[in-house]
Every structure is written in structure tokens, then in C-alpha cells.
Amino acid sequence: MHNTRRTEEDRQKALGAMLPGQDLVVAGKIAQSGVSEAAQYFQEELRERFSDSFLEKAVQVVSIPPKADEIWKKAGAEAILEAGEGGIFACLWELSGLFQKGFTVELQQIPVRQDTIELCEVMGLNPYRLESRECIVFTAQNGYDAVRFLQARGIQAAWIGKVEKEIRCRIMNDGIEGFLERPREDELSKAKVHKKCGAVQIS
């Protein structure tokens with residue numbers, strides 16, 4: 001199983017509860033930190049496709065307040081985890097395992113920058129499994145209120161789905177049902193292989 005490298009203390013600090021019927025919210029946009037690092041290993045390929053000004057902006061990471069900040073409680077956050085290694089999918093998997101609850105997530109609702117998508121396509125990386133240290137996932141009784149509260153304070157946030165009683169992790173993609181797989185090695189590993197070998201396998 002993928003190791004998210006969280007300590008037991010980190011687990012104990014998860015706030016509130018994850019209960020069926022709650023909303024799932026993502027604050028921040030996924031894969032920014034991962035793209036910023038991976039781009040270092042694909043400089044030649046990226047410069048063939050994009051201008052220097054585009055790349056300079058695309059690798060900038062927009063940060064959000066840390067998990068301990070009071071703003072999350074004020075927004076109505078209950079169970080809360082910072083994403084990181086393994087990306088948003090690893091974070092959702094861990095949140096489910098921590099509270100022994102499932103969820104249904106709408107893939108297209110997960111916030112991701114367009115320039116992140118474009119760079120990931122060239123690099124052959126999956127942004128949903130790419131390091132996302134600038135991103136927080138939390139549950140809330142009313143996710144839409146939480147989103148409005150955060151956006152009014154300049155923090156990007158989006159409703160992405162619902163908590164369910166059954167321990168299954170459903171991912172809906174344009175009406176097609178799938179299930180979240182056990183976390184894999186972070187996509188950054190592909191970028192590092194590319195640097196060492198001059199090629200990367202895309203799966």
C-alpha cells in the first residue's frame with residue numbers, strides 16, 4: 001500500500017467527524033506542488049510546447065492556510081486532512097479509512113487549474129495522483145456554505161461529493177461510475193525515472 005507518511009499524531013488531530021450525509025469539500029487546487037517539481041524533469045519537452053511566460057506562471061503554487069488555522073472551523077469544517085504525497089486520491093482514500101466511511105465524489109468537481117492539466121498531459125502524469133501539498137479536504141454539514149465562506153475570503157474551494165455509510169469510494173466521471181483504487185506511488189516517481197532514463201512509461 002502507498003505510504004502517505006502521516007504519523008499517528010497526525011491521525012489523532014483530524015478534526016470533528018466524517019458522517020453519512022455530510023458534504024466533501026476541497027480547498028485549494030490539486031497537483032500544483034507536484035507539477036512545480038515534475039516540470040524540472042521535463043524542461044525540454046515543456047519548452048517545445050509552451051512559452052517561457054506560460055511555464056513561469058504554470059509552476060507557481062497558490063498556497064492556502066494550514067490545517068490548524070481557525071478559518072477552517074469558521075467555515076464549518078469537521079473531519080479535515082491535508083493532501084500531500086499521492087495526491088487528492090490518496091487523501092480521499094486515507095480519510096475514508098480513518099473514519100471507516102465511504103463517499104461518492106464527482107471527478108469533474110475536483111478543482112484543478114487548466115495549466116496544470118496541460119502540463120500533466122505533456123508529462124504523462126495523472127494530476128489526481130500527483131503531490132498536492134497546497135490542498136485540503138474536509139467534511140461539512142453544508143459544503144456549499146463552506147465554499148461560499150472561503151471564496152469570500154479569497155480561498156479557492158469546491159464541493160466535490162457526499163459521505164456515505166458504506167465503506168466504498170465511488171468516483172463519478174460524467175455519469176460513469178468507478179471506484180477509487182488503493183493508492184499507488186506518487187506520480188512524481190515517473191518524473192524522476194524520466195530524468196534518469198530519458199523516458200517515462202505512461203499507464
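## Nonpolar cores

A nonpolar core is a set of buried Ala, Val, Leu, Ile, Met, Phe, Trp, Tyr and Cys residues joined through side-chain atoms within 4.5 Å. Buried means under 20% relative accessible area, exposed means over 50%, and partly exposed lies in between (1.4 Å probe, protein chains only). This is a predicted model: local features need pLDDT of at least 70, side-chain atom pairs count only at pLDDT 80 or more, and totals for chains, interfaces and linings use all residues. Residues are numbered from 1 along each chain as its sequence is written, and side-chain values use heavy atoms, with hydrogens and water left out.

In soluble globular proteins, nonpolar side chains tend to be buried together. Here the largest nonpolar core has 42 residues. Leu-24, Ile-88, Phe-89, Leu-92, Phe-103 and Ile-110 touch the most other members. Helix H6 (residues 87-99) supplies the largest share of this core, five residues. Helices (H or I, at least four residues) and strands (E, at least two) are DSSP runs, numbered from the N terminus. A second, separate core holds 17 residues, including Ala-27, Ala-75, Phe-138 and Ala-146.

What does Ile-88 contact, leaving aside its neighbours within four places in sequence? The list is Val-26, Ile-30, Ile-110, Tyr-128, Ser-132, Cys-135 and Val-137. Contact means heavy atoms within 4.5 Å.

Helix H7 spans residues 114-123. Its buried residues are Asp-115, Thr-116, Leu-119, Cys-120 and Met-123. Seen down the axis of H7, they fall within an arc of 135 degrees, so they line one face of the helix. The arc is that of the directions from the helix axis to the C-beta atoms. Gln-114 and Glu-121 are exposed on the other side of H7. The cover over the buried residues of H7 includes helix H2 (32-38), helix H3 (43-49) and helix H4 (52-58). Just after H7, Gly-124 takes a positive phi of about 70 degrees.

Helix H8 covers residues 143-151. Gly-143, Ala-146, Val-147, Phe-149 and Leu-150 are its buried residues. Viewed down the axis of H8, they fall within an arc of 165 degrees, so they line one face of the helix. They pack against strand E1 (23-27), helix H5 (70-75), strand E4 (136-140) and strand E5 (157-164). At the start of H8, a side-chain oxygen of Asn-142 reaches to within 3.2 Å of the backbone nitrogen of Tyr-144.

Ala-31 is not a glycine, yet has a positive phi of about 70 degrees. Ala-31 lies in the loop between E1 and H2. Is this residue buried or exposed? Ala-31 is buried, with a relative accessible area of 0%.

Asp-174 also has a positive phi, near 55 degrees, in a residue other than glycine. Its place is the loop between strand E6 (169-173) and strand E7 (176-179). Asp-174 counts as exposed, at 60% relative accessibility.

## Salt bridges

Side chains of opposite charge can pair when their charged atoms come close. A salt bridge is a side-chain nitrogen of Lys or Arg within 4 Å of a carboxyl oxygen of Asp or Glu. The whole structure has nine salt bridges.

Asp-23 pairs with Lys-162, with the closest N and O atoms 2.9 Å apart. This pair links distant parts of the chain: Asp-23 is in strand E1, Lys-162 is in strand E5, and they are 139 residues apart. Asp-23 is buried at 4% relative accessible area, whereas Lys-162 is partly exposed at 35%. Glu-164 and Arg-170 form another salt bridge (3.7 Å, N to O). Glu-164 is buried at 16%, and Arg-170 is buried at 19%. Glu-164, Arg-168, Arg-170 and Glu-177 are linked in a network of salt bridges. Lys-190 meets Glu-187 in a salt bridge at 3.4 Å, N to O. Both Lys-190 and Glu-187 are buried.

## A buried charge without a salt bridge

Arg-129 sits in the loop between H7 and E4. Arg-129 is buried yet has no salt bridge. The nearest side chain of opposite charge, Glu-181, is 4.1 Å away. Lys and Arg count as positive and Asp and Glu as negative; His and the chain ends are not counted. Not counting residues up to four places away in sequence, Arg-129 touches several residues, among them Gly-86, Phe-89, Glu-181, Arg-182, Asp-186 and Glu-187.

Terms used: A polar contact is a pair of N or O atoms within 3.5 Å; within protein, one must be able to donate a hydrogen and the other to accept it, and residues adjacent in sequence count only if both atoms are side-chain atoms.
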